Amino acid sequence: MASRGDDRGRRELSTGQTVSLPLELACTLGGVVVPARRTALEGVLPNGLSPLSIAPGVGCVALVGVQYHRVGRAPGLEPYDEFAVIVPAVHGSSTSRPLAQLLDSELGGYVHWLPVTTDASVALGQELWGYPKERAPITVTDGPRELRAVVDDPDKNGDAIRLEVSRPRAGLSLRGVELSSFTRRDGELVRARMQLRGEVSVGPPIGTRLEVAPEPASELGLWRRPLVRLYGARVRARLFEGEPIATGTAVKGHA
């Protein structure tokens, strides 16, 4: 059953919960940005998007563990854990040259995979935005020294992804920062805006550990070493309703 809405931005999920848009969120997060082969990323992006180039033939992937403390206005949804696999991408670019892509396009993150820990969070993401959420055995733990995220692979009796991000001593305060995500819903490319507030540290990958199983690493063309680390202990966000956008034709390969 699809979600139902009214004029006040309220949406009823198939699981019975009701949420209001924009969705108010509070979370702790930790992640890394990993270089990846651009040709591999082209294979996972839908029509209309092309991978963000950070060097000739090289794109990147963000791997982020998220521990939600609040989901929606009271009473809201039960808190849950999430692991986001996001491909930074551009919409509407006429070139694949690094940096030049940003001059004539819109930057965002294509949500490739989003395992979560509750049925309600699956319904929330799939029904309202088309996010590729699925319930999976994952844990996100924010300890005194590091945030640890583990995505289990029950079929192979091991971990699909294991990520450890050390706690930094200081971070940057975010106010009014706006990001966009891309996904597909009912066959359409959808953009959703998110406003962020809080303290997030972004820097070199000191004190990080990343292990990715061969299958997802090969699919995304991941390099072995992260490029950037990020961590935020008290992050608040507002996620707005998704908007369909024209797909056009994405630029492939080198310009």
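Which residues make a nonpolar surface patch of about 300 Å²? Leu99, Leu102 and Leu107 form this patch. The model is predicted, and local features need pLDDT of at least 70, side-chain atom pairs count only at pLDDT 80 or more, and totals for chains, interfaces and linings use all residues. Residues are numbered from 1 along each chain as its sequence is written, and side-chain values use heavy atoms, with hydrogens and water left out.

Patches are made of residues with over 30% relative accessible area and no salt bridge, with like charges joined within 9 Å and nonpolar side chains (Val, Leu, Ile, Met, Phe, Trp, Tyr) within 5 Å. A salt bridge is a side-chain nitrogen of Lys or Arg within 4 Å of a carboxyl oxygen of Asp or Glu. Accessible areas come from the Shrake-Rupley method with a 1.4 Å probe, and for residues only the protein chains shown count as cover. Leu102 lies in the loop between β7 (81–91) and β8 (106–116); helices (H or I, at least four residues) and strands (E, at least two) are DSSP runs, numbered from the N terminus. Leu102 counts as partly exposed because its relative accessibility is 40%, where buried means under 20%, exposed over 50%, and partly exposed in between (1.4 Å probe, protein chains only).

Thr117 is placed in the loop between β8 and α2 (119–129). With 19% relative accessibility, Thr117 counts as buried. A polar atom of the Thr117 side chain lies 3.0 Å from the backbone nitrogen of Asp81.

The helix α2 is largely enclosed by the rest of the structure, because eight of its eleven residues are buried. Among them are Val122, Leu124, Leu128 and Trp129. After α2 comes Gly130, whose phi is positive, near 80°.

The next element is an open sheet of four strands in the order β10-β11-β12-β15, with antiparallel pairing; two strands pair if DSSP finds at least two bridges between them. Its edge strands, β10 (138–142) and β15 (208–212), each pair on one side only. From one strand to the next, the twist averages 10°. Five bridges join β10 to β11 (residues 146–153), and within this pairing Ile138 has Val151 as its bridge partner in β11. Eight bridges link β11 to β12 (residues 158–166), where Val150 stands opposite Arg162 in β12. Finally, β12 pairs with β15 over five bridges, and Leu163 has Leu210 of β15 as its bridge partner.

Definitions and conventions: Axes fitted to C-alpha atoms, helices over the stretch in contact; angles between N-to-C directions. Polar contact = N/O pair within 3.5 Å; in protein donor to acceptor, adjacent residues only side chain to side chain.
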